[in-house]
Amino acid sequence: MSIFELYFSTEACNRASVSDPTLQISGSGLARSNHFKNGGLMFKKFLTSLLALLAAASFAAVDINKATPADLDSIKGIGPSTSTKILDQRKTSPFKDWADLIQRVPGIGDKRAAKLSSEGLTVNGDAFKPTAKPVAEKKAADKKPTAPTK
């Protein structure tokens, strides 16, 4: 190492007025110490694992027969009023399936049940599967009764 290199290495440290203990003077000038390199890698791994765990928990399904009021309120589309109705009906007996839920809880029909299911709500671990009405039944329901003509 020449005097020229040593002078500029020391001079660079003095000009920066750095009192960082991780800086070291070497033959090629200032070099960052590798002291914290492995610790930073461990922190990144820990942070990545924590974020993955939180992401998995946020997509977890909520079973309507086991859910707390807070769990129900966390589902988009269920507010305090609907969760109260669900809990009141659940006190009498657990929901057997989606059809039982739709029948017993006012304000929940096929369309809303599909939305709640897509948000993570389940009944006994099952997602909502819409039931198709027979074509003849749909047509009969859609027809308006007409008054008899004289």
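**Group meeting: a salt bridge, a helix and a patch**

Let's start with Arg104. Its relative accessible area is 17%, so Arg104 is buried. The cut-off for buried is under 20%. Keep in mind that this is a predicted model.

Who is the partner of Arg104 in a salt bridge? Asp100. Their side chains meet at 2.9 Å, N to O. In general, side chains of opposite charge can pair when their charged atoms come close. Asp100 is buried too, at 9% relative accessible area. Both residues sit in helix H5, residues 98-104. They are four residues apart, so about one helical turn separates them. How many salt bridges does a search of the whole structure find? One.

Next, helix H4. This helix runs over residues 80-92, which is 13 residues. From first C-alpha to last, H4 reaches 19 Å. That is close to the 18 Å expected at 1.5 Å a residue.

Which residues of H4 are buried? Thr82, Ser83, Ile86 and Leu87. They cover an arc of only 130° around the axis, so they lie on the same side of H4. What do these buried residues pack against? Two helices: H3, at 69-73, and H6, at 110-118. Now turn to the face of H4 that points away from the buried side. There you find the exposed residues Pro80, Lys91 and Thr92.

Last stop, the surface. Phe43, Phe46, Leu47 and Leu50 form a nonpolar patch there. Together they have about 400 Å² of accessible area. Take Leu47 from that patch. Leu47 belongs to helix H2, residues 37-58. Its relative accessibility is 37%, so Leu47 counts as partly exposed.

Key
Residues are numbered from 1 along each chain as its sequence is written. This is a predicted model: local features need pLDDT of at least 70, side-chain atom pairs count only at pLDDT 80 or more; totals for chains, interfaces and linings use all residues. Side-chain values use heavy atoms; hydrogens and water are left out. Patches are made of residues with over 30% relative accessible area and no salt bridge: like charges are joined within 9 Å, nonpolar side chains (Val, Leu, Ile, Met, Phe, Trp, Tyr) within 5 Å. Accessible areas come from the Shrake-Rupley method with a 1.4 Å probe; for residues, only the protein chains shown count as cover. A salt bridge is a side-chain nitrogen of Lys or Arg within 4 Å of a carboxyl oxygen of Asp or Glu. Buried means under 20% relative accessible area, exposed over 50%, partly exposed in between (1.4 Å probe, protein chains only). The expected span of a helix is 1.5 Å times one less than its number of residues. The arc is that of the directions from the helix axis to the C-beta atoms. Contact means heavy atoms within 4.5 Å.
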